[in-house]
Each structure stands twice: as C-alpha cells, then as structure tokens.
Amino acid sequence: MLQRLKSLAPLLVVIAFGVVCYLLSRELRHYTFAEIRDAIWQVSPTKLLLAIGLTALSYFCLVGYDWLAVRAAGLYLPFWKIATASFLGHTTAYNFGAIFGGTSIRYRLYSTWGLKASEIFRFVSMLMVNYTVGLLAMGSVAFFLVSGHDTKGPAAIFAHLPNRWIGVAIASVLVAYLVANAVRRKPLHIGHCSIQLPGLKLAIGQVVVASVDLVVVSLVLWVLLPEQLNVSYPVLLSGFLLAILVATFSQIPGGLGVFELTVLSFVAPGTADPKAVGALILYRVIYYFLPLFIATFIWLWHEWCLHREQVSKIHHGVIRNISPLVPRIIGYLTFACGAILMFSSAIPAVKSNLATLEKLLPLAVIESSHLIGSIIGTILLVLSRGLTRRYDSAWLLTTLLVAAGIVTSLLKGLSIWEAVLLAILLAMLITTRKQFYRRGALLHSGLSPTWLAGVAMALIAMIWIGWFAHKHVEYSHDLWWHFAYDSDETRFMRAAFASAVTLLVLAILGFQKSSKPKLELPGKEDLDLAAEIIAKQESTEAHLALMGDKHFLFNEQRTAFVMFDVQRSSWIALGDPIGPPEEHVGMLWDYHEMVDLHGGRTVFHHILASQLPNYLQLGLTPLKLGDLARVRLENFSYSGGHSKDQRKARNRYERDGYHFEVLPQGNVPEHLPRLKVISDEWLREKNTPEKRFSIGYFTDEYMARFPMAVVVKDGEIYAFANVLESAHKTELSVDLMRHVTEIPNGIMDFLFSELLLWGKEQGYDSFSFGMAPLTGLESHPLAPLWNRVGNTLFSHGEHFFNFAGLRRFKSKFNPEWEPLYLMCPKNKSVPQVLLDFAALNSGGVKSIVSK
C-alpha cells in the first residue's frame, strides 16, 4: 500500500499544481497581463539593486546552516569550501528540491574534498536538524504574527485557527529542543537511528541563523512591494513565513505558485494592484533564478578545475565517470530553457519588435516560428531526461534543437534575452560534449513518472499563462484559423495545442518503449565473444555465462559485460561485471539504469565483500547469502588429521581399481553420451530437476567447452565434473558434478581430492568450492531479520535444502571462508527478491523446495 501511494505522488503533485493555478486565476481575476508587465518595468533600479544586495546577504547567512552542521558533525573544512557547498546546495535545492539538488550537490562536493560517506551522512543529518529548527522558529513566529490579522482568499483559513495556541505549541517544541541540548550529553536513540545533539551553543546558533536569514530574505520581497499597498513589515513577515511553510509541505519544486498565492492573500487581499504580482515575479527571478544562473557557472568552474588537476593522473574514461552531476545540471537547464520557449509562446510579443518584424518578414515565417518554437520547447523538456543520463543521441538532438530555438526566438518576436539564454546553453552543450558518451535512442531513457509530472506541470503553466495573458479575448472556433501580425491569442492557442499533442505522442512512444523489455538470449557470436573475455578473467564463476541461458549487457567497446536474467520484476545479475576492472563501475551504472528504465529491481548475486563499495554507490543493500569456500592448493595434501576421510576414500577406490584423470577439452565430445547417461541417472535418483542460473546444467554444447575430471574403472566413467580454469592459473573450480548411483559412498571425496592435487601440480593458486548457503549468519535476537531467518533455515531446513550437509562436505578440505552477498534495494521487496532468485535458480516456483 505504501509503495502504491509513493507511485501516486507525482500525480498528486500535478493535481496540487493544477489546483494552485486555479486559485491563482481567481486571485488574479482583476489583473491583466499588460498591467503586470508594466508594473515590473516600473520598479526603480534602486529597489532592484537593494533587493539583489539583500539576496546576496541572505545567501551569506545561509552559509551559517552548513557551518553549524559541519561543527555539529565534528568535522573541519576551510570556510570557502563550506560557503561554496552552501551556495550551490541551497540554489539547487530551492529550485529543484532537496533530493534532486541540494543533497546530491553537497555529497559530490564534500566527497571530492576528502570526506568519507559516514562523515557526509553525519553532516547531512545535522543539516536536516538545522532546517527543522528553522522551520520551528519561523512557524512559531508566523502563527503569533498572523493571529488577529484579517486575511482573504485561500489564506482566510488561518483566520479560523487557534493561531496563538499553535504558535505556543511549536515554540514549546523548540524550547524542549534547546533544553535537551543543555541537559543531555548522550545520543538520542530513535528506532535504529542514533542522533548526537549538537549542544546548547550550537542549538542557539541554529535558531539565530534561521531567524536572521528569514528576516533578510523577507526584506527582499518587502523592498520590492509598492508603497501604496501600505503593507507593514510584521504583516509581510507573517504572510512570508506561512508561505514558506505551505510551499515546503506542498512538495512542488520551489513552491512555485503556492508561495505567491499565500503571500498575495496577506499583502493584497481583495485589491486589484498589479504591482504586488510584479513584485512577487521579480522576487522569484532575483532570489531563485539569478543565484541558480550564477551557481551553474561556479559548478562548471569547479568541475573544470578538478579535472585540470587530475588530467595527468587519471584516464579520460575515469574522469568521465566522476562527473555525473555536470550532465544533470545541463539537463535541468535544458528543461528550464524548454519551459521558457513554451512560456514565451503563450505571452504577447513586444509590439515594437513585432512591428519591426512585420516590415522584414512575411506572416507565414512569424506564425511558423511561433509554432515550431513551442514544439521545440516541449521536446527539450523530454530530452532533458536523456541528458541527465548522458546519452549521446539526447545531446545531439538537443544541440540541434537549441540552435533552432535561437532562430525561432528571433523570428517570432525578436526575443533577444531568450536567444541569449539559449546561446549560453548551446555553448555549455558544446563544451561538455564528452560527458554525453552513452549510446541510446531518442527515448532510450524513458519517461519516469516524476519527470513526466514535471513536463505536465510545465504544460499546465504554459496554458495558464496564456489564458491569463489573453483572458480579455472572447473565445470562438474561428480563432483557430485566424492569422494576423497582431493576433497573439490565436498563436498561443495553436502553440498550446501543438505542445500538448507533442507531449502526448512522446509520452505514448516512451511508455511503449519501456513497458516491456525486449530481451534476447545471446547467439553464437555473443557467446564466442564472451568466451574470449572470460578467458582473461581470474575468477572461474564467469564461465557460467557460457550456458547461454542468461542475457548479456555489453559495454560500448564490447570488452566487458554483465550476465543477468529476469524473474517477475527482479533483474538479477550473477556476480561482478566480467571484463577489465576499470570497466566495472561504468557497467554497474549501465545495468542499474537499464533496470530502472524498465521499472524493475536491480539485484546482484554472489558479490564478495571487497566489492561492496561499488554496489553501495548504487543505493543497494547487502544481504549475506553464505560463505565461499576457497582452498589454497599449496597447503593441500593427503597428510594430516583433517585429510583422514580423503585418504580412506583414495585408498578404497584405488584398491577397487578406480583411477582419476582429467580429459582434455578436445577429447570430451566423444565421452558425452556416457556423461549424459550418468547425469540422467543422477537426476532420477535425486528426484530433482536441473538447477539453473547460478549453477550449470547438462547440455552437450556447455560440457564440450571444458576439460573433464573423471573417475574411471576398466575404461568406463563412473563420476565426472567439468573443470573451470581461470587466467594466469589463479583459480580452479568445478560446476557440474555427478556420479552413477550404484557405487560406494565417497566417490566425490576421491574425485575432488585428486582434482585438488592435479591443480596443485599444474601450478594453480586456489580451488573454489563455491558457496555454502546461509552459513555464518548471526542468530542473535538483535541481528537483522534476514540473518535470523537464514540461520533458522540453515539449522532446521535440512530435509528441503541440505545446507548444513553441503557445509560439512566442503569443510572436509579445510577451506578459507569468505562472505558472499546479495545486493538489492532496501525496502519491503526483499522477500520478493529472494523468492524470485530461488525460482530463477530452481527453474520455477514449484521446484524451489524439491530435494
């Protein structure tokens, strides 16, 4: 149920935005677009400069949030680094939200400055505490100030609330927080989380920083308001604080529309002064958009400096992978420029510019430029998704469309500022070309619900702006076919319709492309290429790719691949990427994004502890599966007490006329009929179907690829195991091992002992016995639930799974044990992931408990 509600969140945000647009239309019913535009141009340069100065002072105050968080987390950084991270983090968070902007930007910066993930987590936790304290401080003040204030419009709801008591309650929570910091020295434990309070001095600092910042930022809006409104500063402050609270909880990016609607209800209730609306628009531009514009160049400068210092040390491909946020910022700016193109198609052109164009261009050019500009803007909204994922096709098409957008901006109304913004974006696209290296089609990245919600909100905003700008024109069907130089309203109608149709078509194509994965098993060419790559690996597990039952995801150079299969919505990859180690991280992200494209769960099976950091970066959680048994061959022999069973088995079988040998790969095909008979007999006796995925199964093609360890008597094979060899003789292993049923116990002890001695003689370093499932899991009452369940299955599930027996057999050879993990999303889907893997491995759900 919770997952379904989360999936509905984007739709709810779009609905909320639509409601806000409706309420704004009612609040602005007395205003006209021309009046608001004139009001903006009438604001004096002195007010603009003062507002910009106060904005700079506000962002300087915001540095206090980060400085306090760094101090509270027990870290040390130079002030300029804290200030840089604060400015970039706050500007992106204000415009795009904390998760998409502030948190990821800060993580990127602080990680490049040497902070560990645990230290960054402490810092972000304290930053969240700072913001919470700020919300408490502003909330208590806001409800005190609003008490008794006469409000109209949507804010009238506050007139019916016990505002003073709400303010007292919020203030009580804030006081309790300060008292706790004064008297408590030990961490607070909430569930599994432990929170270290910063102390009274830092707590007071949090309240002071939040209060000063809110006063300064509210002054930015206050100085922009017209004097004739006679709005006192306390009234403005109460509306401003409540507007921030409402915008924060609305989850609409930047509180767009929500903030303006709430403030208008306080500062201009029931009035028809367009200057109040103009002041709010200027506030949005000065406090939100202008800092974001500056932050973009600061970020690009930071990335360029970082790469310039490392270019002599790091390969270009690695540089490409450590700059993931550059394409993301380019994508966000592309989205913004696309929205600007759409919005400019909704508002009337400047009459003087239109008069100039009328003398130079035919009407058809202006009309078509207007229509094409809106379509380009809509397509840019969709392409911006592909840019954030670094697709080359998205870069190419975006570059062409932005260049075309510059032309249409000039031809439809001489929109110089619009053309300049697009030119800046074009320059950024060209200079960052190498960041967009992934191959993909136009809709390769799909349309996620969140991104589609943003595009839908942009379309709603365009329609609302156009309606507001042309609401004085009475609608008629003839307007659709009316063409004239001064007919702005008809151009808007056609542009809005074209944008809506374009978005609908792209959405349908996107959903069709990502609704069902089209996966094909590898053919002979792919299997032969995989065999060449596997031959260079130092792990024998990679040979399972040659079964041909798993799908392959190759990198662009086809030098590395991931093998995987799909069960329900779980996309399960077996082991690490196969290929050069420097390609592993990129392959992990490629695979993760492919799974995300199809709406699946990313799962990796058989992951060693040494590789966990790479998977943790994907946001996956480790679940221990068991222990890998590995025997150091230089230490193996038949002597010693631990080899007693092996000596007995060897003596008995050699006395009875059996001997061990390894058949070369070239000689295996002539023995396949006998091996098939043994395999079928073994399966009938065990009353079990062939296992799959993480274990090989008998096919002539698969078995013929490897040497074969066999136990022979009188020229006839009685037991066999295919031999897996790694490059440089680092590891030896087996996959499929079977024997005839009518034979004394201990034949597999004999086969493995002799194979280990053979590997030792051939110069191999180690022998892998594979994993002993569910071993080494803690049974402590405080251990994770999975560990306790797995321990119970290991201890009491012998009849169905034989886990304990498998552990005992492998322990005979005195191996070293190394933990293996399953990496999967951290949510309530873990049981489903485990069931999907078991079904995939057993050939179906019914075969899971087959013995």
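Predicted model: local features only at pLDDT ≥ 70, side-chain atom pairs only at ≥ 80, totals over all residues.
A residue counts as buried here when its relative accessible area is under 20%. Keep that cut-off in mind for strand β6 (residues 601-608): six of its eight residues are buried, so this strand is largely enclosed by the rest of the structure.

**Strand β6 and its partners**
- Strand β5 (residues 570-574) runs parallel to β6, and five bridges join the two.
- Over in β13, Leu-820 is the bridge partner of Leu-608.

**Where α23 meets α26**
- Helix α23 (residues 644-655) and helix α26 (residues 747-762) have axes that come within 8 Å and cross at roughly 100 degrees.
- Angles of 65 to 115 degrees count as roughly perpendicular, so that is how α23 sits relative to α26.
- On the α23 side, the contact is made by Gln-646, Ala-649, Arg-650, Tyr-653 and Glu-654.
- α26 brings Ile-747, Asp-749, Phe-750, Ser-753 and Glu-754 to the contact.
- Sorted by type, the residues of this contact are four nonpolar, two polar and four charged.

**Helix α16 and what follows**
- Helix α16 (residues 392-413) has 22 residues and spans 32 Å from first C-alpha to last, close to the 32 Å expected at 1.5 Å a residue.

Technical notes: Residues numbered from 1 in each chain as written. Heavy atoms only, no water. Axes fitted to C-alpha atoms, helices over the stretch in contact; angles between N-to-C directions. Helix = DSSP H or I, 4+ residues; strand = E, 2+ residues; numbered from the N terminus. Parallel < 35°, antiparallel > 145°, perpendicular 65-115°, else oblique. Contact = heavy atoms within 4.5 Å. Nonpolar A, V, L, I, M, F, W, Y, C, P; charged D, E, K, R; others polar. Buried < 20%, exposed > 50% of the residue type's maximum accessible area, 1.4 Å probe, protein only. Pairing = 2+ DSSP bridges. Expected span 1.5 Å × (residues − 1).
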